[in-house]
Amino acid sequence: MGLSDVKVREKGGTDMTIAAMSINVLNIKTKEIQTIHKTKDVLLDAGYVYSYPSLSPDGKLIAFQHSGSDMSGGFSIINLKGKTIFRYPPDFNDPTPYWKPQFAPDGKEVLCYSPATSEEGMDKIFMIDIKKGIKKYITEGSKPTFACKGNAIIFERWSNKWSTEARSDLWFLELKEGAAPRMIIKEASSPSGYNYCPPN
């Protein structure tokens, strides 16, 4: 992922940061960088774009988050020529955020989460079927990542999120029927580790 051509423009007496955003791929062997997808004149004040790029298991597709604004920003999947293969939500006017897309091991689904946009709401984790566009609710939480070689997820779950006593803990959930999430680390965030499996 890359950010380039950042510049400040004045419009209506207000300084606004305008930038070009791009999705880039680095060839590890040749060290060459190829720009796959680029958008010019993005208003950064409205929320950054092109976040959390994720490569499909076969290396042929890239998923990325559109925006950092919690009032907008689903995700898209493009091929290595920059063509959009899938977008969620499919309605461009739907402002619901679906963040941090990651391909499942079979490449047929995408793991993501939808952050709460009000104090009454809860962050929710979903799996999206990219052929049928079907959304499957997994559990309450945010920033999920695959664990145990894709057979489970680790994620954040907040307590008292909108208060001065807010706390984030890491939880673990096996992706099988009847499994229940369990807390594994207190006061932690931003999990990673595809091959990691916590002890029972």
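1. Strand S14 (residues 167–174) and S15 pair in the antiparallel sense, with three bridges between them. Two terms before going on: strands here are DSSP runs of E, at least two residues, numbered from the N terminus, while helices would be H or I runs of at least four residues. Two strands count as paired if DSSP finds at least two bridges between them. One of the contacts to look at is Phe172, whose bridge partner in S15 is Arg182.

2. Some ground rules. This is a predicted model, so local features need pLDDT of at least 70 and side-chain atom pairs count only at pLDDT 80 or more, while totals for chains, interfaces and linings use all residues. Residues are numbered from 1 along each chain as its sequence is written, and side-chain values use heavy atoms, with hydrogens and water left out.

3. Back to the sheet that holds S14 and S15. It is an open one of four strands, ordered S12-S13-S14-S15, and the pairing is antiparallel. S12 and S15 are the edge strands, each pairing on one side only. On average, neighbouring strands of this sheet are turned by 35° against each other, direction ignored. For your own check, axes are lines fitted to C-alpha atoms (for helices, over the stretch in contact), and angles run from 0 to 180 degrees between N-to-C directions.

4. There is another open sheet of four strands, in the order S4-S5-S6-S7, also with antiparallel pairing. Its edges are strand S4 (51–55) and strand S7 (84–88), and each of these pairs on one side only. The twist averages 15° from one strand to the next.

5. Within that sheet, strand S6 (residues 75–79) and S7 run antiparallel and are joined by four bridges. If you want a pair to click on, Ile77 has Phe86 as its bridge partner in S7. As a reminder, strands of a sheet pair through backbone hydrogen bonds, either parallel or antiparallel.

6. Now the cysteines. Searching the whole structure turns up one disulfide (a pair of cysteine sulfur atoms within 2.5 Å). The bond joins Cys148 to Cys197, S to S 2.0 Å. These are distant parts of the chain, 49 residues apart: Cys148 sits in the loop between strand S12 (142–147) and strand S13 (152–159), and Cys197 in the segment after strand S15 (182–185).

7. On accessibility, buried means under 20% relative accessible area, exposed over 50%, and partly exposed in between (1.4 Å probe, protein chains only). Cys148 counts as buried because its relative accessibility is 12%, whereas Cys197, at 42%, is partly exposed. Cys112 is buried too, with a relative accessible area of 0%.
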